[in-house]
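The sequence and model come first, and the text follows.

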Amino acid sequence: MGFYDELKEMSADLAFGIENQRTRFVQRKAEEDLRLSEKNLRAALAMANIGHWTMKTTTGEFFWSEELYRIAGRDPSLLSPTLQNHPTLYTPESWKRGQAAVEKIIEDGKPFELEMEMIRPDGTTRWVRSLGRARQDSMGQVTELYGTLQDITTWQPIKMNQGT
């Protein structure tokens, strides 16, 4: 191998090493940006008293965000409630509306929005606004529900004073 061939090979190796380092730097920066974005999103959701949830329609299993556990006054180290547990989380009237909204979205896939009165384990109640959306498979069957739940308890007196 001649001098120029060795130089060419070293140049290629150097270019590969530089590109590899640049790729690693870009990846680390993207990971740091994502972590910061997630941290800021969690903070914003907490400031706005908004939690989020997901429900598998086949099993009735829920995933709750940490903020949703806080709103509900429940321990996040416990399992998320299932659909079968939800009647105990709301007043009977609120649960009727919530159950009807869930049944309807599973049937037609159209979003829902409703206000309900939640009962916390300590007996206190919270007014919450829930927004729900559906995810469908390729056949149009609803496979998952997801949405947000916002604590609007402090809004209720304002609405009552405005007559709405």
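With which residue does R129 form a salt bridge, and how far apart are the closest N and O atoms? The partner is E113, with the closest N and O atoms 2.7 Å apart. A salt bridge is here a side-chain nitrogen of Lys or Arg within 4 Å of a carboxyl oxygen of Asp or Glu. R129 sits in strand β4 (residues 125–136) and E113 in strand β3 (residues 112–119), so the pair ties together parts 16 residues apart in sequence.

The model is predicted: local features need pLDDT of at least 70, side-chain atom pairs count only at pLDDT 80 or more, and totals for chains, interfaces and linings use all residues. Residues are numbered from 1 along each chain as its sequence is written, and side-chain values use heavy atoms, with hydrogens and water left out.

**Salt bridges**

Seven salt bridges are found in a search of the whole structure. Side chains of opposite charge can pair when their charged atoms come close.

Helices (H or I, at least four residues) and strands (E, at least two) are DSSP runs, numbered from the N terminus. Relative accessible area gives the burial classes: buried is under 20%, exposed is over 50%, and partly exposed is in between (1.4 Å probe, protein chains only). R22 is partly exposed at 48% relative accessibility, and E19 is partly exposed at 39%.

D151 is buried, at 8% relative accessibility, and R126 is partly exposed, at 22%.

**Nonpolar core**

In soluble globular proteins, nonpolar side chains tend to be buried together. A nonpolar core is a set of buried Ala, Val, Leu, Ile, Met, Phe, Trp, Tyr and Cys residues joined through side-chain atoms within 4.5 Å. The largest one has 22 residues, of which W53, W64, Y90, M118, V128, L145 and L149 touch the most other members. At least two residues of this core come from each of β1 (50–56), β2 (62–64), α2 (66–72), α3 (92–108), β3 and β5.

Contact means heavy atoms within 4.5 Å. Leaving aside residues up to four places away in sequence, M118 touches a set of residues that includes I71, L89, Y90, V128 and L149. R126 is also one of the residues that M118 touches.

**Ring contacts**

How many aromatic pairs does the structure hold? There are four. Rings of Phe, Tyr and Trp (its six-membered ring) pair if their centres lie within 6.5 Å; planes under 30 degrees apart count as stacked, over 60 as edge-to-face and the rest as tilted. W53 and F62 form a tilted pair, 6.0 Å centre to centre with 50° between the planes. W53 is buried at 7% relative accessible area, and F62 is buried at 15%. W53 and F112 form a stacked pair, 6.4 Å centre to centre with 15° between the planes. W53 lies in strand β1 and F112 in strand β3, so this pair ties together parts that are 59 residues apart in sequence. F112 is buried, as is W53. Ring pairs link W53, F62 and F112 into a cluster.

R135 lies over the face of Y146, at 4.0 Å from the ring centre. A charge counts as over a ring if NZ of Lys or CZ of Arg is within 6 Å of the ring centre and within 35 degrees of the ring normal.

**The chain as a whole**

The secondary structure comes to four helices and five strands, in the order α-β-β-α-α-β-β-β-α along the sequence. G140 is found in the loop between β4 and β5 and is partly exposed, at 38% relative accessible area.

The chain has a radius of gyration of 25 Å, while a compact globule of 164 residues would have one near 15 Å. The radius is taken over C-alpha atoms, and the globule rule is 2.2 Å times the number of residues to the power 0.38. Along the principal axes, the C-alpha atoms fill a box of roughly 85 × 40 × 35 Å. Buried residues make up 27% of the 164 residues.
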